[in-house]
Amino acid sequence: MTSNNKTSRTVGKNMDRIMELLSKLRFYGMLETYRNDCRTTSSDGMTNDEFLKWLLESEYDYRRNVSIERLIKSANFRYKAYMEKIDYTIKRNLDRNQLERLASLDFIRDGQNVFITGSSGTGKSYIASAIGYEACKNGIKTLYSNASKLMGQLKIAKNKGTIESEMKKIEKCQLLILDDLFLIGLDARERSILMEIIEDRHGLKSIIITSQLPVESRYDAIGDPTVADAILDRIVHTAHKIELTGDSVRKINAKKK
């Protein structure tokens with residue numbers, strides 16, 4: 001009996017020490033799995049290598065989930081949006097096959113752009129954000145921003161002399177989402193900033209743009225025909241296009257209730 005008590009105390013001390021070391025090493029996924037296993041019999045029957053694999057997979061999953069959460073938080077999405085929750089039953093010219101191809105994220109790997117147009121409420125921002133969430137889930141650094149707000153922030157940064165550091169933050173993102181671009185006309189400084197962003201990313205990193213404006217009105221919104229040609233040539237004419245039609249999704253869903 002005494003021998004059994006000593007053995008139990010030794011085992012207990014070893015478990016405590018293992019958990020202490022896992023915590024100090026910040027192996028939190030392994031720690032949680034090991035702690036839970038100490039209370040249950042989950043690992044009974046496992047060989048040593050199976051048990052080690054189980055712990056390592058727990059740590060990998062934990063770190064991956066933390067990384068995804070960090071990417072989603074830093075992306076600054078306006079909406080929580082998910083590809084699997086996109087409603088294809090509403091008639092708005094939405095092609096499921098096209099969305100599924102975009103969800104593969106090959107367009108990001110190829111440095112291509114997506115241009116989503118449609119009237120207010122047709123789901124442009126939701127679809128753009130859903131693609132952005134999918135990118136974050138796959139470890140792709142993403143930034144979502146209302147285009148007008150971003151231009152305003154960058155103009156302030158230019159006045160403060162911090163524009164370079166702000167532009168580098170944007171440059172580090174593999175996917176940039178500019179929501180409601182051209183909703184408000186660009187002034188000379190905004191044109192210059194937007195052109196720089198687009199030029200830096202052209203063929204290298206992707207942009208998703210949403211806009212309510214039809215093609216014929218975009219030149220007026222940009223303001224300078226030469227700059228407009230350069231911008232539209234790089235971000236619109238060669239982009240994957242989603243042209244939404246129909247009534248506001250919000251109004252349709254409200255009527256259903």
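**Exercise 1.** In this predicted model, work out what span helix α9 (residues 188-201) should have, and check it against the end C-alpha atoms.

*Solution.* Start with the length: α9 has 14 residues.

**Exercise 2.** Now look at what surrounds and lines α9: which residue contacts the backbone at its start, which residue follows the helix, and which of its residues are buried?

*Solution.* At the start, a side-chain oxygen of aspartate 187 comes to within 3.1 Å of the backbone nitrogen of arginine 189. After the helix comes glycine 203, with a positive phi near 75 degrees. As for burial, the list runs Glu190, Arg191, Ile193, Leu194, Met195, Ile197, Ile198 and Arg201.

**Exercise 3.** Over to the aromatics: classify the ring pair of phenylalanine 77 and tyrosine 133, then that of phenylalanine 77 and tyrosine 144.

*Solution.* The structure has five aromatic pairs. For phenylalanine 77 and tyrosine 133, the ring centres are 4.4 Å apart and the planes sit at 20 degrees, so call this pair stacked. It links the loop between α3 (48-75) and α4 (96-103) to helix α6 (residues 124-137), 56 residues apart. For phenylalanine 77 and tyrosine 144, the centres are 6.3 Å apart and the planes at 40 degrees, so that pair is tilted. Tyrosine 144 lies in strand β2 (residues 142-146), so this pair ties together parts 67 residues apart in sequence.

**Exercise 4.** Are phenylalanine 77 and tyrosine 144 buried or exposed?

*Solution.* The cut-off for buried is under 20%. Phenylalanine 77, at 13% relative accessibility, therefore counts as buried. Tyrosine 144, at 5%, does too.

Terms used
Residues are numbered from 1 along each chain as its sequence is written. This is a predicted model: local features need pLDDT of at least 70, side-chain atom pairs count only at pLDDT 80 or more; totals for chains, interfaces and linings use all residues. Side-chain values use heavy atoms; hydrogens and water are left out. Rings of Phe, Tyr and Trp (its six-membered ring) pair if their centres lie within 6.5 Å; planes under 30 degrees apart count as stacked, over 60 as edge-to-face and the rest as tilted. Helices (H or I, at least four residues) and strands (E, at least two) are DSSP runs, numbered from the N terminus. Buried means under 20% relative accessible area, exposed over 50%, partly exposed in between (1.4 Å probe, protein chains only). The expected span of a helix is 1.5 Å times one less than its number of residues. A polar contact is a pair of N or O atoms within 3.5 Å; within protein, one must be able to donate a hydrogen and the other to accept it, and residues adjacent in sequence count only if both atoms are side-chain atoms.
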